[in-house]
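Please consult the sequence and the model shown below while reading.

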Amino acid sequence: MSSIPNEMGEAEPTEGHHMVRGSAWNMAIRWSLRLSGLLSTVILARLLTPADYGVVAIAMLIVGMIELLTWTGQDAAVIRHPNPTREHYDANWTVSLLLGLGLGLIVLAATPLATLYFKEPRAVPVVAILAFRTMMLGMRNVGVLNFRRNLQFRKQFWYIVIPKLFSLVITIVSAFILRNYWALIIGVMGQHVCAVVLSYTMEPFRPRISFVKVREIWSYSIWTLIRNIGTYVNDQVDKFVIGGFSGAASMGRYEVARDVAISPTQEIITPVVVTILPVMARVQFDHDKRREIYLNVLNSAALICTSTAVGVALVAEDMADLMLGPQWHDVSILMPWFALSWGLLGMCSSVYSAFDTIGRAYVSARLQWMRVACLAAAIVPVAYLTRNLEDVAITRLVVTAAVTPALFYALSRALNVKPTDLMKTVWRPVAASIAMAVAVLGANATIAFTGPPRLALDIVLGATTYSASIMLLWYLVGRPSGPERLLWERLRPYLTPLRRMWT
């Protein structure tokens, strides 16, 4: 990837370089978190019961409904600001501190919900403890925003990963000792305490109370808050409904099935989407450049989401048995629907960040709430009429598929991107995923074995088929720029000697 020389004759990284580098570091963050989470899940699933996970899921649902009011978007307002002053940082910290303290008290007052609606008295003390986590959300040193704003990805990596590793250790140790859901709570609280301490250790900036720039930051972030509330409701509406008619054990199975099914897609696509904001903010007034960057991001997102989502859906049964053990076998019927739903969500998640970077957070908020309204209108009657977890998961997939085209259409108008350009960007990954599904399902129909051997075969066959299909289609359409070209340029030096041997 080319670079632009600066006045000293040195190479200045381009936006594309920042995008790739930022995505790589963010991917390292996400996969470090996911691998630690995977290790935690594999161990804890054998020490704790579905009911233990259900108690914590109920408590987190109550706390999360209140904590979403802290997602005001003031961090994004500072990051995208062309020249933020100290007053911008101090206003951000002041609002976060006051929100955290106030909402923590509201969480304490909300503890009766655990018994009144979810009928789970064990969650009451858990909610009370988590109220202190809510208070800590506003105590973080706002100076750590410089890690993202200045593209200091290495510092961002350690700032996020160290608390997670600390949480992993104390959660597993506590689980071996306590053998109940309190181990999960100890891990959650330990992670946030570590994050607050680390924010002041790694960043010399020291915030102070200031209201000077609150109005300016709030004018941008209010729409982000509305959008983030919609994001939370969209993610949790099915669990909230399930919690009303089902017990803690079913809630735990639904939560774990979703987490395992969506993590491969989520942990790869999130770093790509997170990097859009600081990179596109640098070219927010260059219409052609921002359009080019978005199409490149969409191309990468389509490759990631189609391969991982379809891949998980194909191996769900063996994956669940290997990772979680026999007591969780029944969650495998839910996993394919979750995987495919989040595959679609991953491809369109960049839509919201793109609207933020061009100063149209209000459009992003409206689109998110449109999706929430459609999902709630479908899931609530299905859940209460059938009382079946699989029907709820299927409904989520159907609604997500129905709404996705509207999101892309709205963005195509805002960025002046033709719908045909969007189709050209995603059709090859979709076709490659179909080829992968045909190959894996065909192999499973002809080869009679199950368990880890079948899982290994499916992974190897699926990855090989997908990679070969995507590269073949790329070659047939004229080898356009994109992730496939970058991959080819990386592999070509190693393939040239092999080609000479055969010729």
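The count of disulfides comes to zero, a disulfide being a pair of cysteine sulfur atoms within 2.5 Å. C305 takes part in no disulfide, and the nearest cysteine sulfur, that of C348, is 8.7 Å away. C305 is buried, with a relative accessible area of 2%; buried means under 20% relative accessible area, exposed over 50%, and partly exposed in between, with a 1.4 Å probe and protein chains only. C194 is also buried, with a relative accessible area of 17%.

The model is predicted: local features need pLDDT of at least 70, side-chain atom pairs count only at pLDDT 80 or more, and totals for chains, interfaces and linings use all residues. Residues are numbered from 1 along each chain as its sequence is written, and side-chain values use heavy atoms, with hydrogens and water left out.

The protein chain has 18 helices and two strands; these are DSSP runs numbered from the N terminus, helices being H or I of at least four residues and strands E of at least two. Of its 503 residues, 52% count as buried. Among contacts with a separation of 6 or more, 81% are between residues 24 or more positions apart, where contact means heavy atoms within 4.5 Å. The chain exposes about 22,700 Å², of which carbon and sulfur atoms supply 66%; accessible areas come from the Shrake-Rupley method with a 1.4 Å probe, and for residues only the protein chains shown count as cover.

In helix α3 (residues 74–80) lies V78, which is buried at a relative accessible area of 2%.

A nonpolar patch on the surface is formed by V169, V173, F176, I177, L178 and I186, with about 550 Å² of accessible area together. Patches consist of residues with over 30% relative accessible area and no salt bridge, like charges being joined within 9 Å and nonpolar side chains (Val, Leu, Ile, Met, Phe, Trp, Tyr) within 5 Å. Helix α8 (residues 153–178) gives the largest share of the patch, five residues. V173 belongs to helix α8 and is partly exposed, with a relative accessible area of 45%.

Side chains of opposite charge can pair when their charged atoms come close. The whole structure holds nine salt bridges, each a side-chain nitrogen of Lys or Arg within 4 Å of a carboxyl oxygen of Asp or Glu.

D318 in helix α12 and R454 in helix α17 are 136 residues apart and link distant parts of the chain. D318 is buried at 7% relative accessibility, and R454 is buried at 15%, whereas E317 is partly exposed at 40%. Elsewhere, salt bridges that share partners join R86, D90 and R208 into one network.
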